Amino acid sequence: MTAATGKDSPADQLTAARQEIRARLREHGAVLLRGFGHDGVDGFEQTVRTIGGEPLTYAERSSPRSTIKGQVYTSTDYPPSEEIFLHNENSYQATWPLTLFFSCVTPPDTLGSTPLADTRRVLAAIAPEVREEFAARGWMVVRNFTDGFGVPWQHAFNTEDRAQVEAYCARNGVVAEWTAGGLRTRARREAVHHHPVTGERVWFNHLTFFHVTTLGPDLCAALREMYDEPDLPTNTYYGDGAPVPDEVVSHLRNCYRAEQRRFDWQQGDVLVVDNMLAAHAREPFTGPRKIAVAMAEPSSGPVERG
């Protein structure tokens, strides 16, 4: 959607178009806003409030981000040469943002897109026997927070207090275990959800993203050599804790990639994403790419106590 010229101000146009944007969001899973001219972080935050309401705090973190201001963050601070695979933000949590906002502060020189994949179409592409097995069994994520690899537990949970971590986990269906190396958490979640607004069945989970094989052959092999299975920094299983065969995860990756669509960023673009209808990713890039991120509209599913 592109702002019109010679009419109302872009901010007024955005306010007037709110219902249309939200309708398109439910239909297509994402809307690209171009030319609406928000002014810096404060303007981006106002765009978030206009379309989605109060911005949310990033909790139970799984990737490194930096706070720009308030509840506006950088996109994941990974090296430019690395791809970030398709996923739905915080789908491993008991509560997640229904709406995501990405603002292009500085576009990359090459690539650096934020590809999208419709989770309704991903679900339909999955082999029926695989899809229904996960629908029945759910999925489980096991995370090991240890020094020297990944996000420290203090950063993930925004506290240095172990009791606060334990309380958070108890409220959110996460089993917390303090180990010699740090903290291990386990959480069982549903793999297939119904969208709270449209009622559509969607493939909404971090199962593929967190599975060790999605890291790539060399890193996967190195981690499997360094760690026993229970000690891997992050890995996923069926909801009852049984291993998911590597070939099943490979099939899921192929289903995501078959539905992936991309566009090139322009400075000032704002991408609005329905987090349950569209998975998002990040291409490798060159140049000074800077994308600001905000989240809104908390949504939740059933919490399973460990």
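His280 is buried in this predicted model, with a relative accessible area of 4%. Because buried means under 20% relative accessible area, the value of 4% places His280 in that class. The residue belongs to strand 16, which spans residues 278-282. Leaving aside residues up to four places away in sequence, His280 touches Phe85, Leu86, His87 and Glu89, together with Leu100, Phe102, Thr114, Pro115 and Leu116. With one of these residues, Glu89, there is also a polar contact, made side chain to side chain at 3.2 Å. Lys290, ten residues from His280 in sequence, is 16 Å from His280 in space, C-alpha to C-alpha.

His193 is found in strand 11, residues 192-194, and it counts as buried because its relative accessibility is 11%, with the limit for buried set at under 20%. A polar atom of the His193 side chain lies 3.1 Å from the backbone oxygen of Glu190. The contacts of His193, again without residues up to four places away in sequence, are Trp96, Glu200, Arg201, Val202, Phe204 and Met276.

Attention now turns to a sheet. Strands of a sheet pair through backbone hydrogen bonds, either parallel or antiparallel. Here, four strands form an open sheet in the order 9-10-8-13, and the pairing is antiparallel. Strand 9 (174-179) and strand 13 (234-238) are the edge strands, each pairing on one side only. On average, and with direction ignored, neighbouring strands of the sheet are turned by 15° against each other. Helix 7, made of residues 162-171, packs on this sheet and touches strand 9 and strand 10. The direction of helix 7 makes about 150° with that of strand 9.

The pairings of strand 10 can be followed residue by residue. Strand 10 (residues 182-189) and strand 8 (residues 139-146) run antiparallel and are joined by eight bridges. Within this pairing, Val142 has Arg186 of strand 10 as its bridge partner. Strand 9 is likewise antiparallel to strand 10, with six bridges between them; one example of a bridge involves Glu177, whose partner in strand 10 is Arg184. The link from strand 9 to strand 10 is a hairpin that passes through two residues.

Terms used
Residues are numbered from 1 along each chain as its sequence is written. This is a predicted model: local features need pLDDT of at least 70, side-chain atom pairs count only at pLDDT 80 or more; totals for chains, interfaces and linings use all residues. Side-chain values use heavy atoms; hydrogens and water are left out. Two strands pair if DSSP finds at least two bridges between them. Axes are lines fitted to C-alpha atoms, for helices over the stretch in contact, and angles run from 0 to 180 degrees between N-to-C directions. Contact means heavy atoms within 4.5 Å. Buried means under 20% relative accessible area, exposed over 50%, partly exposed in between (1.4 Å probe, protein chains only). A polar contact is a pair of N or O atoms within 3.5 Å; within protein, one must be able to donate a hydrogen and the other to accept it, and residues adjacent in sequence count only if both atoms are side-chain atoms.
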